[in-house]
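Please examine the sequence and the coordinates before reading on.

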Amino acid sequence: MNWLLSKVEELSGENLYACYQCGKCSAGCPMVEEMDLLPNQVILLVKLGDESVVEAKSPWVCAQCYQCGVRCPREVDIAKIMEAIRLIKLRKNIDHIKLENVEKNLPQIAIVSATRKYTG
Amino acid sequence: MEMGYYPGCTLKTNAKVFEDSLLKAFEKIGIKLKELNKWYCCGTVYSLATDNLMYRLAAIRNLIRAKEDGHEKLVAPCSICYNTLKQANLMAKSDEEAMSKINAFMDEEPDYDGSVSVIHPLEVIEAKLQEIKAAVKKPLGKKYAAYYGCLLLRPKEIAIDEHENPSIMERLIEALGGSVVNFPLKNECCGSYNVASNKEAVIDANYRIITNARRNGADAIVTSCPLCHFNLKEMQKEVKKVHPEFAGLPVYYFSELMVEAFGIEMEG
């Protein structure tokens with residue numbers, strides 16, 4: 001097993017080999033138009049050990065809405081896989097946003113959520 | 001009837017109108033929402049990593065406060081708080097290993113066993129529709145699109161209603177004398193905290209969701225989440241810059257419709 005797959009499986013607790021690439025996650029994803037890789041492609045690249053997935057935009061666009069996971073016929077919780085990929089970077093102390101750039105007029109729940117999801 | 005009430009940060013600030021209208025509307029149907037004596041931020045979005053228990057402590061601490069106050073049920077109106085508290089509570093009930101670590105780490109707190117039941121006000125409303133109908137003084141009379149977003153419905157273990165086709169908010173609107181429109185995007189995400197990092201995603205989602213509601217004949221959108229409310233209401237200004245023909249729609253909390261139909265005057 002490649003390091004990327006084993007790390008993602010460890011952090012997410014999900015079995016990526018359950019995915020058979022049907023694309024239902026990507027078909028229902030409300031944020032897919034903003035993504036560079038489709039959610040099912042993210043899973044495939046992790047399985048192939050392609051480290052470019054760690055630099056992709058998709059995991060950061062994922063808003064943890066769980067639509068993919070509730071519709072997956074193989075019960076793969078893709079939101080957890082996206083979180084695992086984010087954490088691979090965040091745990092190296094590489095933040096996705098600078099907090100000082102976040103607009104101050106947002107509701108607290110937006111600011112706290114962004115802090116938790118985009119900074120380590 | 002009295003129930004424990006967890007406001008969360010945003011109901012005290014940006015979404016104060018949600019808190020004020022909810023407390024008044026519930027009082028009218030005989031439910032007193034009693035705010036916890038002490039509470040903290042729930043931590044917002046639930047942490048999904050198997051090893052990240054640290055981010056779940058805040059939610060568990062709030063549940064301990066609810067138990068201390070003697071509440072069997074804790075009402076959490078903000079969708080994000082509801083989702084986070086409910087998922088943390090499910091973990092408390094089902095994940096013995098995680099809870100033994102959390103309980104040991106928080107040795108200043110009593111152990112928590114998952115015995116508080118986290119509920120959303122719309123679940124309370126479901127059992128009170130007859131009382132609600134009886135309390136209506138000014139029937140609404142408009143057409144509404146009920147918007148649920150994600151966190152009241154998913155993951156499905158925490159859903160307040162059928163997760164692909166919920167109807168509780170529609171039943172409330174009809175009980176208040178309004179009519180509802182077909183709204184296929186009612187459970188599609190508004191972009192959530194992308195508003196802090198990638199505003200374009202939220203602008204696109206706003207355009208898609210509001211346009212879908214308008215095409216189906218809605219006069220207004222109804223929601224329960226302060227972040228959906230912000231993304232759907234405040235971001236309409238940004239949408240107009242990208243799509244000049246965009247007409248927009250008013251956005252209300254479901255509790256605002258309740259006080260309106262009950263004929264309750266709100267201060268300010």
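The sections below take up conventions and confidence, then the sheet of chain B, then a helix pair of chain A.

## Basis and confidence

The model is predicted: local features need pLDDT of at least 70 and side-chain atom pairs count only at pLDDT 80 or more, while totals for chains, interfaces and linings use all residues. Residues are numbered from 1 along each chain as its sequence is written, and chains are lettered from A and ligands numbered from 1 in the order in which they are written.

The predictor assigns the complex an ipTM of 0.96 and a pTM of 0.97. For chain B the average pLDDT (the predictor's confidence in each residue, from 0 to 100) is 97, and 100% of the residues score at least 70.

## The parallel sheet of chain B

Helices (H or I, at least four residues) and strands (E, at least two) are DSSP runs, numbered from the N terminus. Two strands are taken to pair if DSSP finds at least two bridges between them. On this basis chain B holds an open sheet of 4 strands in the order S2-S1-S3-S4, with parallel pairing. Its edge strands, each pairing on one side only, are S2 and S4 (117-119) of chain B. From one strand to the next, the twist averages 40°.

Strand S1(B) (residues 2-5) pairs with S2(B) (residues 32-35) in the parallel sense over 4 bridges, and Gly4(B) has Lys34(B) as its bridge partner in S2(B). S1(B) is also joined to S3(B) (residues 73-75) by 2 bridges, again in parallel; here Gly4(B) stands opposite Leu74(B). S3(B) and S4(B) run parallel and are joined by 3 bridges, with Leu74(B) opposite Val118(B).

S1(B), helix H1(B) (residues 16-28) and S2(B) form a right-handed β-α-β unit.

## A helix crossing in chain A

In chain A, the axes of helix H1 (residues 3-12) and helix H6 (residues 78-90) come within 8 Å and cross at roughly 115°. Axes are lines fitted to C-alpha atoms, for helices over the stretch in contact, and angles run from 0 to 180 degrees between N-to-C directions.

Residues are in contact if their C-beta atoms, placed from the backbone, lie within 7 Å. H1(A) contributes Lys7(A), Val8(A), Leu11(A) and Ser12(A) to the contact, and the residues from H6(A) include Lys80(A), Ile81(A), Glu83(A) and Ile88(A).

How values were computed
Contact = placed C-beta atoms within 7 Å. Right-handed = clockwise from strand over helix to strand, strands pointing away.
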